[in-house]
Amino acid sequence: SFPTRRSSDLIDYADGGVISKELVHSNAGSVTLFSFDAGQGLSEHSAPFDALIQVIEGKMELIVEGTKHVISAGESFIIPNNAHHSVNAAERFKMIITMIRG
């Protein structure tokens, strides 16, 4: 049998920073693990593909097209393609983002 690890154990936090670790990358899409220290974030941007966000530790603030969503560990959210969005970490959190191309 294979040893099991929780996704949240695959990435640490960086004081005052954001860390990303790409787990899968192919023509079909990508799966990337992120950790955000409190007070960090990503400025508004958009992507040409749908993105599935899964919070695996803590709680994130996600602003999509001007509407704020608070997503907690165990919850998910789909960001539609081309939707303008930004991320704010009011507290430390970890998430997995799955981008599906096509």
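Author: Asp 37 counts as buried, at 12% relative accessibility; buried means under 20% relative accessible area, exposed over 50%, partly exposed in between (1.4 Å probe, protein chains only). This is a predicted model: local features need pLDDT of at least 70, side-chain atom pairs count only at pLDDT 80 or more, and totals for chains, interfaces and linings use all residues. Residues are numbered from 1 along each chain as its sequence is written, and side-chain values use heavy atoms, with hydrogens and water left out.

Reader: Which residue forms a salt bridge with Asp 37?

Author: A salt bridge is a side-chain nitrogen of Lys or Arg within 4 Å of a carboxyl oxygen of Asp or Glu. Here the closest N and O atoms are 2.7 Å apart. The partner of Asp 37 is Arg 92.

Reader: Which residues do salt bridges that share partners join into one network?

Author: Lys 94, buried at 5% relative accessible area, forms a salt bridge with Glu 57. The network joins Asp 15, Asp 37 and Arg 92.

Reader: Is Asp 15 buried or exposed?

Author: The side chains of Asp 15 and Arg 92 meet in a salt bridge, 3.1 Å from N to O. Arg 92 counts as partly exposed at 33% relative accessibility. At 72%, Asp 15 counts as exposed.
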